[in-house]
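This report is a first tour of one protein model. Look at the fold as a whole, then follow the text from strand to helix.

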Amino acid sequence: MMALCFSSFSSSSVHHLNPISLFSSNKGNINIGCCNGTTYRPRFRACSTNKDVPDFLSADWLESRRKRPFGPRLNFSAEEAVQHQLDALKYNDQPRPDYGVEVMYRFAGFDPFERSTYFGPFFDLGQFERFRRIFHHSTYRVLLGHKERKVLSSFWVKENRFKQRVWIRGPRPEEEEIFQFTMFQRMGGSWDGYWLTESVLHDGDGFAGGVAY
């Protein structure tokens, strides 16, 4: 890694500088000659350093980046975004209770200030606690700690919209459900290019008995 090390000129003023090539073989110690015979050293020179992070960032910057909460990544495809969310739900309580649901919330593409059809019906999901409670509803809880899953179908609605139907076998006996994930690629803004979740719908009437959220 290269850094810029600053040093001052050896003379107080510079009048007419001769041209200097940036491709000189003597880059480590470049002198600038002037018409009056005075030699000046440049204000900065390239020097090597073994540091992992630039000087203007805190010492723990790299470690904090490694520990950032898991969520959407620019390099995830639509299929990978669905897979990562399902993996998080499979190990929902690792490393802490409902961590998988937290991951789902980070991938959610709804506006927290408006009612959303993320689960089908219009719900106010601006508060994480309401979002979390729905995943513990009798229909959606099959996703939490599920034992097995199988992709039933995948198709592209359009270039930036993707749907996938997934069969899930839950942790309790005879607990099976089918869900449809709809992913969309955000255009513009700070999430430009990221795949986010538009909805996770139960393949049936998932709220037939009502839900308290």
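## A sheet and the helices around it

Strand S5 (residues 148–158) and strand S6 (residues 161–169) run antiparallel and are joined by 9 bridges. Helices and strands here are DSSP runs, numbered from the N terminus: helices are H or I with at least four residues, strands are E with at least two. Two strands count as paired if DSSP finds at least two bridges between them. A hairpin of 2 residues links S5 to S6. Within this pair, Lys150 has Trp167 of S6 as its bridge partner.

The model is predicted: local features need pLDDT of at least 70, side-chain atom pairs count only at pLDDT 80 or more, and totals for chains, interfaces and linings use all residues. Residues are numbered from 1 along each chain as its sequence is written, and side-chain values use heavy atoms, with hydrogens and water left out.

**The overall plan.** The protein has 4 helices and 8 strands. Along the sequence they follow the pattern β-β-β-β-α-α-α-α-β-β-β-β. Of the 213 residues, 31% are buried. Buried means under 20% relative accessible area, exposed means over 50%, and partly exposed lies in between (1.4 Å probe, protein chains only). Contact means heavy atoms within 4.5 Å. Among contacts between residues at least 6 apart in sequence, 52% join residues at least 24 apart.

**The sheet.** S5 and S6 belong to an open sheet of 4 strands, in the order S5-S6-S7-S8, with antiparallel pairing. Its edge strands are S5 and S8, each of which pairs on one side only. Neighbouring strands are turned by 20° against each other on average, direction ignored. Helix H2 packs on this sheet and touches S5, S6, S7 and S8. The direction of H2 makes about 30° with that of S6. In general, strands of a sheet pair through backbone hydrogen bonds, either parallel or antiparallel.

At the other end of the strand order, S7 and S8 pair in the antiparallel sense over 7 bridges. Met183 has Thr197 of S8 as its bridge partner. Gln185 stands opposite Trp195 in S8. S8 is largely enclosed by the rest of the structure, because 6 of its 8 residues are buried.

**Helix against helix.** Two helix pairs are set side by side below. Axes are lines fitted to C-alpha atoms, for helices over the stretch in contact, and angles run from 0 to 180 degrees between N-to-C directions.

| Helix pair | Angle | Axis distance |
|---|---|---|
| H2 (residues 78–90) and H3 (residues 99–107) | about 155° | 7 Å apart |
| H3 and H4 | roughly 120° | within 10 Å |

H2 and H3 are therefore roughly antiparallel. H3 is oblique to H4. The cut-offs: under 35 degrees is roughly parallel, over 145 roughly antiparallel, 65 to 115 roughly perpendicular, and the rest oblique.

The handedness also has two values. H2 passes H3 in a left-handed crossing. The crossing of H3 and H4 is right-handed. A crossing is left-handed if the near helix is turned anticlockwise from the far one by less than a right angle, and right-handed if clockwise.

Which residues make the contact of H2 with H3? From H2 come Ala81, Gln85, Ala88 and Leu89; from H3 come Gly100, Val101, Val103, Met104 and Phe107. By class, 7 are nonpolar, 2 polar and none charged. Nonpolar covers Ala, Val, Leu, Ile, Met, Phe, Trp, Tyr, Cys and Pro; charged covers Asp, Glu, Lys and Arg; the others, Gly among them, are polar.

Now H3 and H4. Val101, Glu102, Met104 and Tyr105 of H3 meet Phe128, Phe131, Arg132 and Phe135 of H4. This contact has 6 nonpolar, no polar and 2 charged residues.

**The covered helix.** H3 is mostly covered, with 7 of its 9 residues buried. They are Tyr99, Gly100, Val101, Glu102, Val103, Met104 and Phe107. The cover includes H2, H4, strand S7 (176–185) and strand S8 (195–202).

**A loop residue.** Gly126 sits in the loop between H3 and helix H4 (128–135). Gly126 is partly exposed, at 28% relative accessible area. Gly126 and Pro112 are 14 residues apart in sequence, yet 3.9 Å apart in space, C-alpha to C-alpha. Neighbours within four places in sequence aside, Gly126 is in contact with Tyr105 and Pro112.
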